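Colleague: Can you walk me through this one? I'm new to reading these.

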Amino acid sequence: MTDTQTLLDAYDAQMRRTPPPGVAHEYDGPLLRMDLGYRGFVTGPRDLGGLHGRELDELIIRQRDFFAARGKAVEWKVRGHDAPPDLTDRLRAAGFEPETQETVLVCPVAELAVETPAPPDGVTLRQVTADADMHRTAALETAIWGLDLSEIADDLIRRVARTPDEIAVLVAEAEGEVVSAAWLIFRPGTEFAALMGGSTLAEWRGKGIYRALVAARAELAAARGVRYLHVDASDDSAPILRRLGFRAVTTTTPYVWSPPGDRQRQDTDQQSQDTDRPR
């Protein structure tokens, strides 16, 4: 079994400054800065290249102001083992506020304890690419989380159009209704793929659909020679994933600055049970 430190080292080396396919991005010093359309997103190495004090404050303010000029919120992704130790204090001082902490889970595909997908009777899994199915997926997320998450459809449609080989969107359907959805994002240039989406209607939870979607995506990853699966897991999904062989390597907390009058955006990332921000 791969030890946890090896998993964390691989995550730090490969996942922190490599952009997902199909996402507009650039670099600002140690940071990778991305424009997701609905929000900005920044991430960097665990030590931020040794920046601290005034230089770090200037870097933080530069990200805030870059997206403020575009009228967009911006998320700074903070991991639990990041340095310097006063990073979050400096983010708060610049107006960034923390959202819900999640657990970063990693599992070698070869060690995943999940078999061929077996959804419950009456439920079928299907990989989708049509715009209409992306809108159905977004409608599902909106219904589950009580927020306007129609933007998810635009994001998925854009990714499928730009890099169709680097994303797989799956839906679980019962009597023609989408009852759960999830997607897999391949990360070219790394040994990783990310599990994302993973939301199920309340009345369909506890029936094995989430597990079946994990298994289906793991099969796709294995077929592509992916070495590791990664999830930023909520408290709901983490126990299931741990039972399948995923291990916690650190935590992640989004620190978000939002333009005045756009505070709802700070809640939208609560929408998924397994998500590798950006979506």
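Modeller: Strands (E, at least two residues) and helices (H or I, at least four) are DSSP runs, numbered from the N terminus. The model is predicted, so local features need pLDDT of at least 70 and side-chain atom pairs 80 or more, while totals for chains, interfaces and linings use all residues. Residues are numbered from 1 along each chain as its sequence is written, and side-chain values use heavy atoms, leaving out hydrogens and water.

Colleague: Okay, what stands opposite T103?

Modeller: That's T251 in strand 12. Strand 6 (residues 102–108) and strand 12 pair in the antiparallel sense over five bridges.

Colleague: And how many bridges link strand 4 and strand 12?

Modeller: Six, again antiparallel. There, E75 has V256 in strand 12 as its bridge partner. Strand 12 also pairs with strand 5 (residues 97–98), antiparallel over two bridges, where P98 stands opposite Y255.

Colleague: Why is strand 12 largely enclosed?

Modeller: Because nine of its 11 residues (247–257) are buried, meaning under 20% relative accessible area; exposed is over 50%, and partly exposed is in between (1.4 Å probe, protein chains only).

Colleague: New topic: which residues does a cis peptide bond join?

Modeller: A83 and P84, with omega about 0 degrees. P84 is in the loop between strand 4 (74–79) and helix 3 (87–93).

Colleague: Is L48 buried or exposed?

Modeller: L48 is buried, at 3% relative accessible area. It isn't a glycine, yet L48 has a positive phi of about 50 degrees.

Notes: Two strands pair if DSSP finds at least two bridges between them.
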